[in-house]
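The briefing below walks through selected features of the structure shown here, grouped by topic. Please read it alongside the coordinates.

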Amino acid sequence: MSEADEKAATAAVPASPAAASATIIGGAGLSSRQVQIRSVIQAIGMLPVLIILAIAFHYLGEGRFLTGQNLSIVAQQAAINCVLGAGMTFVILTGGIDLSVGSMLAASAMSALIVSLVPGFGLLGVPAALLTGLFFGLLNGSLVAFAGLPPFIVTLGSLTAVRGLARLMGSDSTIFNPDLSFAAIGNATIPITSGFGIPVLAIIALVVIVASWFVLRRTVLGVWIYAVGGNPAAARLSGIKVWRILLFVYAVSGLLAGLGGVMSAARLFAANGLQLGQSYELDAIAAVILGGTSFVGGIGSIWGTLIGALIIAVLSNGLTLLGVSDIWQFIVKGLVIIGAVALDRARLQGNART
Amino acid sequence: MTTVPAVPNVTPKGDAILQARGIVKRFGHVEALRGADFDAYAGEVTALIGDNGAGKSTLVKILSGVYAATSGQMTVDGKPVSFASPSDAHAIGIETVYQDLSVCPDLSPSANMFMGREALRPGLLGRLGFLDNPTMRRESAVAFQKLKVALKDMDAPIASLSGGQRQSVAICRAAMWAKRVVFMDEPTAALGVVQTARTLDLIRRIRDTGVAVVLISHNMRDVIQVADTVEVLRLGRRIASMRNTGITVPDLVGAMTGALDAVAEPGEQGVAA
């Protein structure tokens, strides 16, 4: 093609479908305003669903939903799932999955209570739980990063094995500590007005979300996490040590499961290796997926996970408020998750570019 | 033999910046390269062509540090080199634009430009791994401007850009870091007519900055449009090296498929245009 032909081709209507997507030329593409609107829509994601649910429950529940007291309960209910979901976001962003968070939470809560019963050193229950979670997370991470085993298989194994260990730790019984030294973590509220306060659990969850956002969007580590999930081959070729990133994300997931263990131990003054944290991994995964994070990795945001966790908590709370039975709650929750993600998929396909 | 115009070993502008001799690569029993030679010159576009299975991709992967050669020598600026990883090649200024572009969808153009080589904040924050986003954005903008690439949004995730723009980012990334050689693997394969023309322009602009551009392509018309030299691989060997002065598509196809063997002796001789 000669110089003149090129110019002609530039001026002409794009002939092939691929050329039709050329946005650099002239004004053929989107205006920057359209790009902005699009990115805002992408960022807010499921927020409208959350707001609609809240308003609907408020009217159906005759004004009982959007009260300071009830919102504080919702925040408390969402907190642990939020923390687990944050860890899960790291893992899913690399294209992995962590099915063992519920079991790690149980084992960590057991550690917390066992150590909390040591006279004079009760507060050490907190680091004990965190280290327990971190240990199992590193174990998962090593198997994925060094042995190259599929994350689903590794964490399916530890889902079962760590659950067994959690039961073993308490000889398969419930451990109580009515004088738990760190009970404030689970039960204290920071009063804002009379009748409304922010639970410490919710503050912890928010701190975890904000810290995760900083790591994901403001540090090298975060860029590498997105790179490893978005294009593993490219990450490797650009000199990123992929094994380090994988080890890190599973360690974070374990550590945050440990924190979740502290939170639920503190809330309940007790831990039971068999029951605690059962199927929490599913709620955490649901929160991440509701938040718009792609299951194949590389795309997603931690704010989405926060909104996802809130949607799940609002559903549970709202349905209970309306007197819907536990059985129907399961059914409705499952359908809302599928429906919300289907909606999201449809919306994104509308925006899809070649 | 030396009187034939456009034959191998006619050095166009002094010595080759990148030179490979007798590169052999075996994968088990398969011999992908059987003593391939290659030369690329600063400030020139060298096209590397060959039929499927000729060994183009393997050769490029060896020259850019992705694979290690089974045997053979490489020199850069006349000095022998060997690469254990792409990072080694990056360190001496050799970059590659892969066919899949090697970009990460949810990262901004500037984050993609600096992938694996991020700029960090000064002081303690930098040691903690905090990114210096303003610097990366500014330097990316300079790189885009230098190559006359206009992006709508420097902060939007790259997945929201068009295919052509994504490719511009990948090419600008290579150009920004390359001090000596840029390899481009089939840069126009997925593009329409207009975008192809723009990409070829981009290739010329990178060449004009003084680095060596190596273009791997199946599209003979593209090759004739931009190449200064054409290196032809067949069955794992360099079969011809031609200056792009009046060569035609049939010449290139003939050299690739061996139809011109009667005219030029394989491995030794170039193809007269």
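In this predicted model, chain B holds an open sheet of 4 strands, arranged in the order E2-E1-E4-E5 and paired in the antiparallel sense. The edges of this sheet are strand E2 (30–40) and strand E5 (79–81) of chain B, each of which pairs on one side only. Averaged over the sheet and with direction ignored, neighbouring strands are turned by 30 degrees against each other.

**Strand pairing in the sheet of chain B**

- Strand E1 (residues 18–27) of chain B is joined to E2(B) over 8 bridges in the antiparallel sense, and within this pairing Ala20(B) has Phe38(B) of E2(B) as its bridge partner.
- E4(B) and E5(B) pair in the antiparallel sense over 3 bridges, and here Val76(B) stands opposite Lys79(B) in E5(B).
- The hairpin of E4(B) and E5(B) has 2 residues between the strands, and in it Asp77(B) takes a positive phi near 55 degrees.

**Helix H9 of chain B**

- In helix H9 (residues 249–257) of chain B, the buried residues are Asp251(B), Leu252(B), Ala255(B) and Met256(B); because they cover an arc of only 130 degrees around the axis, they lie on the same side of H9(B).
- An α-helix has 3.6 residues a turn, so residues three or four places apart point the same way.
- Val249(B) and Pro250(B), by contrast, are exposed on the other side of H9(B).
- The cover over the buried residues of H9(B) includes strand E3 (45–50), helix H8 (220–226), strand E9 (229–234) and strand E10 (237–243) of chain B.
- Just after H9(B), Gly258(B) takes a positive phi of about 95 degrees.

**The largest nonpolar core**

- The largest nonpolar core has 184 residues, of which Ala79(A), Val83(A), Ala227(A), Val181(B), Val182(B) and Leu215(B) touch the most other members.
- Helix H13 (residues 242–268) of chain A gives the most to this core, with 15 residues, while domain 1 (1–93 + 178–273) and domain 2 (107–177) of chain B each supply at least three residues.
- Not counting residues up to four places away in sequence, Val181(B) touches Ile17(B), Leu18(B), Ala40(B), Gly93(B), Ile94(B), Val211(B), Ala212(B) and Val214(B).

Methods:
Residues numbered from 1 in each chain as written. Chains lettered and ligands numbered in written order. Predicted model: local features only at pLDDT ≥ 70, side-chain atom pairs only at ≥ 80, totals over all residues. Buried ≥ 20, exposed ≤ 12 C-beta atoms within 10 Å, placed from the backbone. Arc of directions from axis to C-beta. Contact = placed C-beta atoms within 7 Å. Pairing = 2+ DSSP bridges. Axes fitted to C-alpha atoms, helices over the stretch in contact; angles between N-to-C directions. Core = buried A, V, L, I, M, F, W, Y, C linked by C-beta atoms within 7 Å. Domains from an automatic or database assignment.
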